[in-house]
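Trainee: Let me bring up the model I wanted to go through with you, and then I'll start asking.

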Amino acid sequence: MPTPDFLFSVANPVALLGWALLVLAPRWRGTRAVVLSGALPLLLALAYAALITAHYLGPHGHEGGFGSLAEVAALFRDPWALLAGWVHYLCFDMWTGAWELRDAQRRGVPHGLLIPCLLLTFLFGPVGLLLYFGLRQFYATAEVAA
């Protein structure tokens, strides 16, 4: 049985590959097939579902919750739940980055301007999303402009 540490060491490079594709090869067919199609974020979502299930079926499944900060802290004392939380971040941040790229391409946002948004989404999630929403205000969608 793999350990949470081992699975963490697998999940991170998989996510980094997706982010590298978004930043370095935004129009490549492989990027469309792997990230923009949702395949890689959905793979991470599947991993999350398996990990959170393993936590709740495991010996610490009854510990913690979401009703208070103390309950969340207790939940994340279990390495399986902590790993699930990390994969949750990887999944949703990548999903958001893929949406940003698709939306930026549709709006005609230059990729060079999108890169800081993608990097901040990768590193700080909502901060990158906020920056992208600020940037996208300067670019009309093709549907609106037509």
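Trainee: How far apart are R106 and D103 along helix α5?
Mentor: They are three residues apart in helix α5, so about one helical turn separates R106 from D103; helices here are DSSP runs (H or I, at least four residues), numbered from the N terminus. Bear in mind that this is a predicted model, in which local features need pLDDT of at least 70 and side-chain atom pairs count only at pLDDT 80 or more, while totals for chains, interfaces and linings use all residues. Residues are numbered from 1 along each chain as its sequence is written, and side-chain values use heavy atoms, with hydrogens and water left out.

Trainee: What do R106 and D103 form together, then?
Mentor: A salt bridge (a side-chain nitrogen of Lys or Arg within 4 Å of a carboxyl oxygen of Asp or Glu), and the closest N and O atoms of R106 and D103 are 2.6 Å apart.

Trainee: Is each of them buried or exposed?
Mentor: D103 is buried at a relative accessible area of 0%, whereas R106 counts as partly exposed because its relative accessibility is 40%. Buried is under 20% relative accessible area, exposed is over 50%, and partly exposed lies in between (1.4 Å probe, protein chains only).

Trainee: How many salt bridges does the whole structure have?
Mentor: The search finds three. R107 also pairs with D103, at 2.9 Å from N to O, and because R107 and D103 are four residues apart in helix α5, about one helical turn lies between them as well. Both R107 and D103 are buried.

Trainee: And which residue does R136 pair with?
Mentor: R136 meets D103 in a salt bridge too, again 2.9 Å from N to O, and this pair links distant parts of the chain, with R136 in helix α7 and D103 in helix α5, 33 residues apart. Through shared partners, the salt bridges join D103, R106, R107 and R136 into one network.

Trainee: Let's move to α7. Which of its residues are buried?
Mentor: In helix α7 (residues 126-136) the buried ones are G128, Y132, L135 and R136. Seen down the helix axis, they fall within an arc of 90° (taken from the directions from the axis to the C-beta atoms), so they line one face of α7. P126 and L130 are exposed, on the face of α7 turned away from its buried side.

Trainee: What covers the buried side of α7?
Mentor: The cover includes α5 (79-107) and α6 (111-124).

Trainee: Which residues have the most contacts inside the largest nonpolar core?
Mentor: They are L22, V35, M94, L114 and Y132, in a core of 28 residues; such a core is a set of buried Ala, Val, Leu, Ile, Met, Phe, Trp, Tyr and Cys residues joined through side-chain atoms within 4.5 Å. The elements giving two or more residues to this core are α1, α2 (29-36), α3 (39-57), α5, α6 and α7, and the largest share, ten residues, comes from α5.

Trainee: What does L22 touch?
Mentor: Leaving aside neighbours within four places in sequence, L22 is in contact (heavy atoms within 4.5 Å) with residues including T31, V35, L36, M94 and L118.
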